[in-house]
Amino acid sequence: MRATGEVGPILLRKLDKVRQTVRVEFLCGGRAVRRARADYEALSKTAQLFSSPLDEVPAMVTAQLETARANDKARRKLELDLAAYQAGNSTWRRPRARTACGASRGVW
């Protein structure tokens, strides 16, 4: 190699701060081009799945993950409530219906 320009394109993949230094992960040359193309294809497919522009994919994925976590948390709580109810250790009470005058009566 006679000049640094022969290295070709450089793709910075990751920067990590380790103590007082910075660790750099990079690719160069043909590997950098192939990886950048593969990353773009993956991002394009994800954008297509979400029917959104490329720039909005990170926000869409974040929103979907938050929704999935909230649904999972609610499902686990319901499972625990059901298990406690079936074991007879629940403070669960049957729902009460309101009459026209506002008095409560059992639904059953």
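1. Ser52 lies in the loop that connects H1 and H2. Helices here are DSSP runs of H or I with at least four residues, strands are runs of E with at least two, and both are numbered from the N terminus. With a relative accessible area of 13%, Ser52 is buried; the classes are buried under 20% relative accessible area, exposed over 50% and partly exposed in between, using a 1.4 Å probe and protein chains only. Apart from neighbours within four places in sequence, Ser52 is in contact (heavy atoms within 4.5 Å) with Ala47, Val57 and Met60.

2. On the basis of the model: this is a predicted model, in which local features need pLDDT of at least 70 and side-chain atom pairs count only at pLDDT 80 or more, while totals for chains, interfaces and linings use all residues. Residues are numbered from 1 along each chain as its sequence is written, and side-chain values use heavy atoms, with hydrogens and water left out.

3. A salt bridge is taken as a side-chain nitrogen of Lys or Arg within 4 Å of a carboxyl oxygen of Asp or Glu. Under this rule, the count is seven salt bridges. One of them joins the side chains of Asp39 and Arg13, at 2.5 Å from N to O. This pair links distant parts of the chain, 26 residues apart: Asp39 belongs to helix H1 (residues 30-50) and Arg13 to strand E1 (residues 10-18). Asp39 is partly exposed at 30% relative accessibility, and Arg13 is also partly exposed, at 37%.

4. Lys14 forms a salt bridge with Asp16, and the closest N and O atoms of this pair are 4.0 Å apart. Lys14 is partly exposed, at 43% relative accessibility. Asp16 counts as partly exposed as well, at 29%.

5. In helix H2 (residues 57-87), Arg76 and Asp72 are separated by about one helical turn, because they are four residues apart. These two residues form a salt bridge whose closest N and O atoms are 3.1 Å apart. Arg76 has a relative accessible area of 44% and is partly exposed; Asp72 is partly exposed at 29%. A network of salt bridges links Asp72, Arg75, Arg76 and Glu79.

6. Gly88 follows H2 and has a positive phi, near 80 degrees.
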